[in-house]
Amino acid sequence: MSDPVSALNGAAYDGVVRVEELGLRGMITLRGDHASVAVKNAATGVAGVDFPDALACDTVGERGLAWMSPDELLVLVPYAEADRAVAAMQAELAGTHSLVVNVSDARAMFRISGPAAREVLAKLCPVDLSPGAFGPGDFRRTRAAQVPVAFWMQADDAFALICFRSVAGYVFDLLKTAARPGGEIGYFPAGA
Amino acid sequence: MLLLTCPCCGAEADETELQPGGAAHLTRVGPGAPDEAFESYLFHRENPRGVHIERWRHAHGCGKWFHAARCTRTLEVFGTYPAQITAPPQPIRDAIAAKHPGWAWKEGK
């Protein structure tokens, strides 16, 4: 049996921020009516966190729920649990109009941490990342340069970012370029 | 730069996150229609330098289609509303009329 490996095998880069690929993470796409009690219970039961508001995400460690669209959620679990979690949700959602798919191996996840994390992402994404507009717990699907990504703020100076596995190398290169020493702008106030 | 607020997810999306879908609320004339109606649909569309009601898709976000009313001369955005609504809602018509006194909503053009 071959061992699963993540897209970049945990590659990391230290520039004005630290950019690291987070290795194998369990990610499950859940599509269904957010107003449905069955969908809510299936998601929160597996993830063990509260149901997120629109454009928000709720994470504790490797577990979490992210609001992807008015009828889509991303369920985050440890990699080894993903298949079991899918089976559990499918059992709970039997008879409810829904879709549950394990997309762990189709995605890559990065962490961007450091006081300049906002600035590094703001160079790549057309999103207002000022401290007043985007804070911990906020989630946003957008693009980074030419590819779709989604990111959320974990703490005051750290973001988690997901992209498709096929473009993980491209996104890592983008983040490295944006984080290269000498490229600091200092637009956002320190510590905010 | 064009910023539209997606009415489905509430995110303020940049033009580069959106996919344009052309004019909204057109009466789409099909193969069974008279030649005059089909000709009018194909060639006699209104295309003013001014107010346009358009379809957009939040392609790099929630993926949903929505409608937007904006002015191509000033780039002012009058508002966005869900794709399921088949004519501009009154608040958007009022916002347009306030800036463009001669403007009136025309069905199907």
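Between which two strands of chain A does the loop with A:V16 lie? Select A:V16: the loop runs between strand 1 (12-14) and strand 2 (18-21) of chain A. Helices (H or I, at least four residues) and strands (E, at least two) are DSSP runs, numbered from the N terminus.

This is a predicted model, in which local features need pLDDT of at least 70, side-chain atom pairs count only at pLDDT 80 or more, and totals for chains, interfaces and linings use all residues. Residues are numbered from 1 along each chain as its sequence is written, chains are lettered from A and ligands numbered from 1 in the order in which they are written, and side-chain values use heavy atoms, with hydrogens and water left out.

**Stop 1: around A:V16**

A:V16 and A:P181 are 165 residues apart in sequence, yet 5.5 Å apart in space, C-alpha to C-alpha. Now show the contacts (heavy atoms within 4.5 Å). Beyond its neighbours within four places in sequence, A:V16 touches A:A116, A:V120, A:A178, A:A179, A:R180, A:P181 and A:E184.

**Stop 2: helices 3 and 4**

Select residues 117-124 and 168-178 of chain A, helix 3 and helix 4. Their axes come within 9 Å and cross at roughly 120 degrees. Axes are lines fitted to C-alpha atoms, for helices over the stretch in contact; angles run from 0 to 180 degrees between N-to-C directions. Helix 3 and helix 4 of chain A are therefore oblique to each other. Angles under 35 degrees count as roughly parallel, over 145 as roughly antiparallel, 65 to 115 as roughly perpendicular and the rest as oblique.

Show the side chains next. Helix 3 of chain A contributes A:V120, A:L121, A:K123 and A:L124; helix 4 of chain A contributes A:L174, A:L175 and A:A178.

**Stop 3: helices 1 and 2**

Move to residues 37-47 and 82-92 of chain A, helix 1 and helix 2. They pack at about 155 degrees, with axes 9 Å apart. Helix 1 and helix 2 of chain A are therefore roughly antiparallel. On helix 1 of chain A, pick A:N41, A:A42, A:A43 and A:V46; on helix 2 of chain A, pick A:A85, A:A88, A:M89 and A:E92.

**Stop 4: chain B against chain A**

Bring in chain B. 13 of its residues are in contact with 13 residues of chain A. The two chains bury about 1,000 Å² between them, 53% of it on carbon and sulfur atoms. Buried area is the accessible area (1.4 Å probe) that two parts lose on being put together, summed over both. Select B:E17, B:H60 and B:K64: they supply 42% of the area that chain B buries against chain A, more than any other three residues.

Finish on the salt bridges (a side-chain nitrogen of Lys or Arg within 4 Å of a carboxyl oxygen of Asp or Glu). The interface of chain B and chain A has two. A:R140 pairs with B:E17 in a salt bridge, the closest N and O atoms being 2.9 Å apart.
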